[in-house]
Amino acid sequence: MLTWYAASPERRGFLETVQEFRYIIEPEAAALASMRRTDSQMEAISKACQEMGAAPTLSERTAADTRFHLAILHAAGNELLLPLGALIDSVLEGLFVFVTREVNDLRHAQDLHEEIERCIRQQRPEAARQAVRELLSNTDEIIATRVAEGSKRFDIPA
């Protein structure tokens with residue numbers, strides 16, 4: 001169903017729905033992760049962030065990006081967030097493929113992710129919230145620009 005929705009003429013509405021969901025969940029998950037994360041959870045977040053920056057292919061980059069966000073959810077320490085992992089895994093990977101294909105400045109996106117990682121590592125919850133909001137805002141700009149221009153390249157991997 002997600003594949004159909006993403007390919008429909010209502011693609012922008014779908015992407016906006018995904019972003020709305022992310023604004024509801026991700027800033028608070030990052031804040032909680034900054035307060036509750038274990039050393040091994042922090043290692044998973046940091047490793048995914050590093051792998052994202054070093055990835056030689058789009059598929060490896062988006063897989064690492066998805067692992068990064070899922071690791072933050074796990075580190076938040078709220079069991080009710082964990083079932084969202086499967087939904088997030090499927091939806092975010094498709095979104096990240098779209099955003100990564102459309103962005104010319106991958107360094108900026110990497111910097112935004114590294115700031116989230118740093119805030120969680122330094123156990124700064126409000127800074128972590130704000131860093132996630134900045135990343136989401138950046139994604140909003142890409143969606144607004146590229147969907148308005150008629151990009152046809154958004155698809156969710158099966």
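A salt bridge here is a side-chain nitrogen of Lys or Arg within 4 Å of a carboxyl oxygen of Asp or Glu. Take Glu115 and Arg118: their side chains meet in one, at 2.9 Å, N to O.

Some ground rules. This is a predicted model, where local features need pLDDT of at least 70, side-chain atom pairs count only at pLDDT 80 or more, and totals for chains, interfaces and linings use all residues. Residues are numbered from 1 along each chain as its sequence is written, and side-chain values use heavy atoms, with hydrogens and water left out.

Back to that pair. Glu115 and Arg118 are three residues apart in helix α6, residues 106-121, so about one helical turn separates them. Helices are DSSP runs of H or I, at least four residues, numbered from the N terminus. What about exposure? Buried means under 20% relative accessible area, exposed means over 50%, and partly exposed lies in between, with a 1.4 Å probe and protein chains only. Glu115 is partly exposed at 27%. Arg118 is partly exposed too, at 32%.

Stay in helix α6. Glu117 and Arg121 form a salt bridge at 3.0 Å, N to O. They sit four residues apart in the helix, so again the separation is about one helical turn. Is Glu117 buried or exposed? Buried, at 8% relative accessibility. Arg121 is partly exposed, at 38%.

Now helix α3, residues 39-54. Which residue does Glu51 pair with there? Lys47, through a salt bridge of 3.7 Å, N to O. Glu51 is partly exposed at 30%, and Lys47 is partly exposed at 48%.

How many salt bridges in the whole structure? The search finds eleven. As background, side chains of opposite charge can pair when their charged atoms come close.

Last stop, Leu70. Leu70 lies in helix α4, residues 58-75. Leu70 is buried, with a relative accessible area of 17%. Which residues does Leu70 touch, leaving aside neighbours within four places in sequence? Gly85, Ile88 and Asp89. Contact means heavy atoms within 4.5 Å. Look at Asp89: Leu70 and Asp89 are 19 residues apart in sequence, yet 7.4 Å apart in space, C-alpha to C-alpha.

Methods: Helices (H or I, at least four residues) and strands (E, at least two) are DSSP runs, numbered from the N terminus.
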